[in-house]
Amino acid sequence: MNMRFLDPTSLQLVFKMGGTHLFPRRGLENYGPHESPTGEKITIRFVYPKNYRTVVSKFKNILENGGNRFPGFENVYRIPIEISDDIVLDYKDYRGIELPKKLAKVVEEDREITSKPIYVVVVHPYPRWQKRNPYYVFKSHLLKCKIMSQMIRTDVLQGRNLDEIAYNVANAIFAKAGGRPWKLLTKIPSFSGTADLVITIGFGLTRVPKDPAQRIFDRYAGYVIVMNEEGIMSHLKTFVTQYEKTIMRRKLIECIRDALYSALREHVGNIDVIFHYSSKELSIEEEQSIKQLLEQISKDQSVRINYAIIRIITHPLYKVFMDTDDGYPLMASYVEIGDRLLLIYTVGKLYEKITPLGVPRPILISIRSSNIDIQEIDKEVFVYSVIGTARMNWRNTGIFNREPTTIRYARDIAYMVASFNEIVNLDPAYLPEEIPWFL
């Protein structure tokens with residue numbers, strides 16, 4: 001087996017005015033973000049327990065004015081922030097499924113204004129599967145009022161460098177305000193060699209536990225996310241269904257159909273669609289339903305749709321060791337295993353002294369099906385679709401992101417939308433489709 005490498009240029013990202021850089025953080029500092037949100041400023045409001053007033057004050061100061069390593073929000077994102085009055089809560093205010101009265105009053109006032117603030121809410125850590133934990137309670141109520149929020153756990157504030165937290169929180173806030181921090185320099189090309197439009201669709205399904213201890217499940221929750229050829233999310237649809245496979249499959253196909261129509265709009269001609277999915281294997285019925293949907297849309301829209309369905313396995317048994325002192329593989333290297341398997345390193349050594357923490361773990365992709373002959377497919381496109389979308393993780397500004405964003409948030413999104421539905425009866429169809437509210 002031969003180790004292959006993507007062109008290093010393909011790892012570069014684009015920032016303001018076409019400035020490029022390999023490192024997201026340095027690109028933002030040198031050039032500014034690729035695209036700013038509308039408006040002259042971003043308003044932020046902090047909500048936190050009263051015994052965290054000191055650490056939150058330090059964090060706010062770093063976010064606004066900069067610290068030892070973080071230059072300050074405006075210096076990085078080229079747009080000022082305005083911090084509104086804090087909402088300081090008691091510990092008891094974090095119990096229950098309703099917002100505390102003093103917070104609910106302010107939320108009602110903020111929901112009526114055009115430029116709504118983004119809430120930064122400090123919450124105590126709770127298990128993800130706990131349906132009514134404060135993270136889900138606050139986020140669901142705020143989303144129902146069309147207010148974006150950024151959650152920070154108390155253990156994160158106390159246990160990590162505040163400058164590092166400021167970088168990641170600032171980037172997520174900027175994206176939720178409607179900004180686009182960066183995009184891919186090298187567009188995801190056509191795997192068929194004939195398409196003039198290429199989109200990547202990630203989808204995921206999660207069984208939501210009713211009782212994790214007894215492995216009892218009562219719902220399916222899922223999502224469909226569309227990434228354009230520059231790696232930017234253009235559409236997100238989530239859903240919650242009964243714990244019944246036929247109903248789940250019907251809802252999944254409905255969301256994929258909506259996603260495809262959102263991408264096609266008035267497009268005519270050839271289109272390449274790369275599907276990413278993870279976790280459980282697709283059933284024959286699910287795969288057949290996707291094929292039938294594509295055939296129907298192709299006929300209705302008079303377009304040629306070339307598709308490839310790819311399973312992404314995040315914990316493969318395979319590993320590669322290089323003939324170097326440390327044995328670390330290079331980032332964006334891959335090995336082809338037969339006709340349908342590709343072992344990819346989305347993280348790895350960049351230069352002699354730039355390596356990720358720990359031994360890099362590869363990702364295995366399996367080409368499950370396509371309407372293009374396997375021998376005619378440019379399989380390196382699939383490699384880049386995975387590595388490129390891993391580079392588009394706006395949740396942080398670091399260089400290393402192992403999983404592609406098409407599948408990275410699968411379980412988080414599923415648990416959130418299932419809990420939102422239960423806490424405030426928030427229909428997933430009501431959630432924003434073009435803003436990454438889940439970051």
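A: Let us begin with T238, a residue of strand β12, which covers residues 233–242. Please keep in mind throughout that this is a predicted model.

Q: Why is T238 called buried?

A: A residue counts as buried when its relative accessible area is under 20%. T238 has a relative accessibility of 7%, and therefore it counts as buried.

Q: Which residues is T238 in contact with, leaving aside its neighbours within four places in sequence?

A: With those neighbours set aside, T238 is in contact with G222, Y223, I413, V417, P428, L431 and W437. One of these, W437, is also named with F73 and F438 among the residues with the most contacts inside the largest nonpolar core, which has 115 residues.

Q: What surrounds F73, leaving aside its neighbours within four places in sequence?

A: F73 is in contact with I42, L63, E64, R78, I79, I81, A170, I173 and F174 once those neighbours are left out.

Q: What makes strand β12 an edge strand?

A: Strand β12 belongs to an open sheet of nine strands, whose order is β1-β15-β16-β17-β14-β13-β10-β11-β12 and whose pairing is mixed. The edge strands are β1 (3–5) and β12, each of which pairs on one side only. From one strand to the next, the twist averages 25 degrees.

Q: How do you know that β10 and β11 pair, and in which sense do they run?

A: Two strands pair if there are at least two bridges between them. Eleven bridges join β10 to strand β11 (residues 216–227), and the two run antiparallel; I201, for example, has V226 of β11 as its bridge partner. The two strands form a hairpin with four residues between them, and R215 in the turn has a positive phi of about 55 degrees.

Q: What is found when β10 is compared with β13, and β13 with β14?

A: Strands β10 and β13 (residues 270–277) pair in the parallel sense over seven bridges, with I274 of β13 as the bridge partner of T200. Strand β13 is in turn joined by eight bridges to β14 (residues 304–313), again running parallel, and here I274 has A308 of β14 as its partner.

Q: Why is strand β10 described as mostly covered?

A: Strand β10 spans residues 197–211, and twelve of its 15 residues are buried. Among the helices that lie across β10 is α9 (residues 284–301), which also lies across β13, β14 and β17 (363–370) and runs at about 155 degrees to β14.

Q: Why is helix α5 called roughly perpendicular to helix α12?

A: The axes of α5 (residues 134–144) and α12 (residues 410–424) come within 9 Å and cross at roughly 75 degrees. Angles from 65 to 115 degrees count as roughly perpendicular, and so α5 is described as roughly perpendicular to α12. Among the residues that make the contact are Y135 and Y136 of α5 and Y415 and M416 of α12, and the contact residues divide into nine nonpolar, three polar and two charged.

Q: Which strands form the sheet of three, and what makes two of them its edges?

A: The three strands form an open, antiparallel sheet in the order β3-β2-β9, and the edge strands β3 (20–21) and β9 (183–184) each pair on one side only. Strand β2 (residues 13–14) pairs with β9 over two bridges, and L13 has L184 of β9 as its bridge partner.

Notes:
Residues are numbered from 1 along each chain as its sequence is written. This is a predicted model: local features need pLDDT of at least 70, side-chain atom pairs count only at pLDDT 80 or more; totals for chains, interfaces and linings use all residues. Side-chain values use heavy atoms; hydrogens and water are left out. A nonpolar core is a set of buried Ala, Val, Leu, Ile, Met, Phe, Trp, Tyr and Cys residues joined through side-chain atoms within 4.5 Å. Buried means under 20% relative accessible area, exposed over 50%, partly exposed in between (1.4 Å probe, protein chains only). Contact means heavy atoms within 4.5 Å. Axes are lines fitted to C-alpha atoms, for helices over the stretch in contact, and angles run from 0 to 180 degrees between N-to-C directions. Angles under 35 degrees count as roughly parallel, over 145 as roughly antiparallel, 65 to 115 as roughly perpendicular and the rest as oblique. Ala, Val, Leu, Ile, Met, Phe, Trp, Tyr, Cys and Pro count as nonpolar, Asp, Glu, Lys and Arg as charged, and the others, Gly among them, as polar.
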